[in-house]
Each structure stands twice: as structure tokens, then as C-alpha cells.
Amino acid sequence: MTANDTSTIETTEAVNPDGELRQGLFAAQAVRIVELQAEIASRQEEIDNLKSLILDSHPVGTYQAGNLKVQVKPGARRINAGTFEKAYPATKYPGAYQLRPRPLSQLEKLLSADAVADYAMSGKPMVVVS
């Protein structure tokens with residue numbers, strides 16, 4: 001590439017509005033995402049308030065609401081690990097516990113990233129706008 005070729009490329013990029021249009025579109029997309037996220041948050045708050053009112057006025061059960069069915073379900077039950085471990089230590093009650101691999105980041109530090117690469121899975125890519 002000659003010096004003249006480099007100058008032509010730089011001039012073409014400077015005059016070409018395509019980059020500016022793409023940047024403008026990108027900025028507009030980001031702004032719209034933020035607007036929609038705010039709308040979703042507002043709608044979610046309204047949904048949470050309505051559900052709270054229903055929980056306050058209806059015990060666990062299934063109810064007809066026009067053409068809709070509304071279920072009021074009890075909360076999920078789970079163990080309080082801290083208090084359980086004190087009352088039933090793993091050394092005395094090993095059958096009450098299960099063994100599972102550590103998080104990937106810890107395994108990579110312990111064994112190496114290459115060693116665990118074949119066992120790692122990736123989730124769906126995402127976009128975050130802040």
C-alpha cells in the first residue's frame with residue numbers, strides 16, 4: 001500500500017456517512033432499550049402491587065375470575081442451610097448432604113482453565129445497557 005492509498009482510505013472513511021449512520025442507529029437502539037426497560041419496570045411494579053392485593057385478600061387456592069383462573073400458591077419451601085448445618089453437621093449426618101463441583105471460576109483457578117475447558121458450558125449471549 002502506498003502513501004497515496006492510505007490517504008484515499010482515510011478520506012473515504014472521513015467522508016463516508018455510513019459510520020455515523022450506524023453509530024446513530026446504535027445510540028438510538030440503546031436509548032430505546034433503556035426506555036423499554038423503564039416501561040417494563042413500571043409495569044412489573046404494577047403487577048407486583050396487584051399480586052400483593054390478591055395475596056392479602058385470598059388464601060391459598062384456585063379462583064375463577066371471569067374467563068381467567070387465578071391460583072394463589074403457597075411459597076416454595078427450602079431448607080435454611082445455616083441452622084440445619086448446626087443441628088445436623090455433615091460429619092454426623094453425611095447422608096443429609098450432597099457433593100457437587102465448585103463454580104467454574106474456582107475450578108479454573110484450582111485446576112487451570114485448559115483442564116476444565118471441555119466441561120464448561122456457555123449461556124446465551126446478552127446485551128446490557130446502562
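Gly 61 stands opposite Val 72 of strand 2, and Tyr 63 has Val 70 in strand 2 as its bridge partner. The hairpin formed by these strands has two residues between them, and in this hairpin Gly 66 adopts a positive phi near 65 degrees.

The protein chain contains five helices and two strands, which follow one another along the sequence in the pattern α-α-β-β-α-α-α. Of its 130 residues, 2% are buried. The protein chain exposes about 12200 Å², of which carbon and sulfur atoms supply 58%. Among the contacts with a separation of 6 or more, 12% are between residues 24 or more positions apart.

The average pLDDT of the protein chain is 87, and 86% of the residues reach at least 70. Confidence is highest in helix 3, at 95, and lowest in helix 1 (residues 3-15), where the mean is 48. Over residues 5-13 the pLDDT stays under 50, and for this stretch the model has two contacts beyond four places in sequence. Where pLDDT is low, the predicted coordinates should not be read in detail.

A pair of aromatic rings is described by the distance of the centres and the angle of the planes. The structure holds three aromatic pairs. One of them joins Phe 84 and Tyr 88, whose rings are stacked, at 5.1 Å centre to centre and with 25 degrees between the planes. Phe 84 also pairs with Tyr 97: here the centres are 6.0 Å apart and the planes lie at 50 degrees, so this pair is tilted. Because Phe 84 belongs to helix 3 (residues 81-87) and Tyr 97 to the loop between helix 3 and helix 4 (104-111), the pair ties together parts that are 13 residues apart in sequence.

Taken together, ring pairs link Phe 84, Tyr 88, Tyr 93 and Tyr 97 into a cluster. Accessibility was computed for several members of this group. Phe 84 is partly exposed, at a relative accessible area of 24%. Tyr 97 is likewise partly exposed, with 28%, and Tyr 88 falls into the partly exposed class at 38% relative accessibility.

The structure holds one salt bridge, in which the side chains of Arg 32 and Glu 35 meet at 3.3 Å, N to O. Both residues lie in helix 2 (residues 18-57), three residues apart, which is about one turn of the helix. Arg 32 is partly exposed, with a relative accessibility of 43%, and Glu 35 is also partly exposed, at 42%.

A last point of interest concerns the backbone further along the sequence. Most residues other than glycine have a negative phi. Ser 112, however, has a positive phi, near 120 degrees, in a residue other than glycine. This serine, Ser 112, sits in the loop between helix 4 and helix 5 (113-116), and Ser 112 counts as partly exposed at 30% relative accessibility.

Terms used
Residues numbered from 1 in each chain as written. Predicted model: local features only at pLDDT ≥ 70, side-chain atom pairs only at ≥ 80, totals over all residues. Heavy atoms only, no water. Pairing = 2+ DSSP bridges. Helix = DSSP H or I, 4+ residues; strand = E, 2+ residues; numbered from the N terminus. Phe/Tyr/Trp six-rings, centres within 6.5 Å; stacked < 30°, edge-to-face > 60°. Buried < 20%, exposed > 50% of the residue type's maximum accessible area, 1.4 Å probe, protein only. Contact = heavy atoms within 4.5 Å. Areas by Shrake-Rupley, 256 points an atom, 1.4 Å probe, with all protein chains shown as cover. Salt bridge = Lys/Arg side-chain N within 4 Å of Asp/Glu carboxyl O. pLDDT = per-residue confidence, 0-100.
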